[in-house]
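Thanks for coming, everyone. Please take a look at the model on the screen.

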Amino acid sequence: MPDPSPSASPLRPSVERLAGRLRALPQRRLQAGAAAEGLALARWLALRAQELEFPGRQPYEMPDDGVFTVGDQLEVAGNDLAAALEADPEKTAQVLAEALLRVTAAADAIG
């Protein structure tokens, strides 16, 4: 019988696709807002991962390391959150759903 609990597995490929798109964009598109959109998403994903992994600890904010690193930052943050979600899928179903919505919205905004 299949496992009925939600899985973070759809998060990883969604984030990886978006990170790849960000890495492929020209500098002008990144500077026109795509990098800022990607960084905002990466920061949200990283914050949620830290809240799950280290409850009670003040989360660190992901730095702005420039437009050419945002794809890597997004992929790292997304994979961190996916790992945290996979550790306890029943308790984190709502976080997964919101993460997937945010990734979709960012992908639409980035184009």
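This is a predicted model: local features need pLDDT of at least 70, side-chain atom pairs count only at pLDDT 80 or more; totals for chains, interfaces and linings use all residues.

Residues are numbered from 1 along each chain as its sequence is written, and side-chain values use heavy atoms, with hydrogens and water left out.

Helix H1 covers residues 11-24. Helices here are DSSP runs of H or I, at least four residues, numbered from the N terminus. H1 has 14 residues and reaches 20 Å from first C-alpha to last, close to the 20 Å expected at 1.5 Å a residue.

Which residues of H1 are buried? Leu11, Ser14, Val15, Leu18, Ala19 and Leu22. Buried means under 20% relative accessible area, exposed over 50%, with a 1.4 Å probe and protein chains only. These residues cover an arc of only 130 degrees around the axis, so they sit on the same side of H1. On the other side, Arg17 and Ala24 are exposed.

The cover over the buried residues includes H2, helix H3 (70-87) and helix H4 (93-110).

Now H3. The axes of H1 and H3 come within 8 Å and cross at roughly 175 degrees. That makes H1 roughly antiparallel to H3, a term for angles over 145 degrees.

Last, Gln50. Gln50 lies in helix H2, residues 27-53. Gln50 counts as buried because its relative accessibility is 12%. Leaving out residues up to four places away in sequence, Gln50 touches Pro55, Arg57, Pro59 and Tyr60; touching means heavy atoms within 4.5 Å.

Methods. Helices (H or I, at least four residues) and strands (E, at least two) are DSSP runs, numbered from the N terminus. The expected span of a helix is 1.5 Å times one less than its number of residues. The arc is that of the directions from the helix axis to the C-beta atoms. Axes are lines fitted to C-alpha atoms, for helices over the stretch in contact, and angles run from 0 to 180 degrees between N-to-C directions. Angles under 35 degrees count as roughly parallel, over 145 as roughly antiparallel, 65 to 115 as roughly perpendicular and the rest as oblique.
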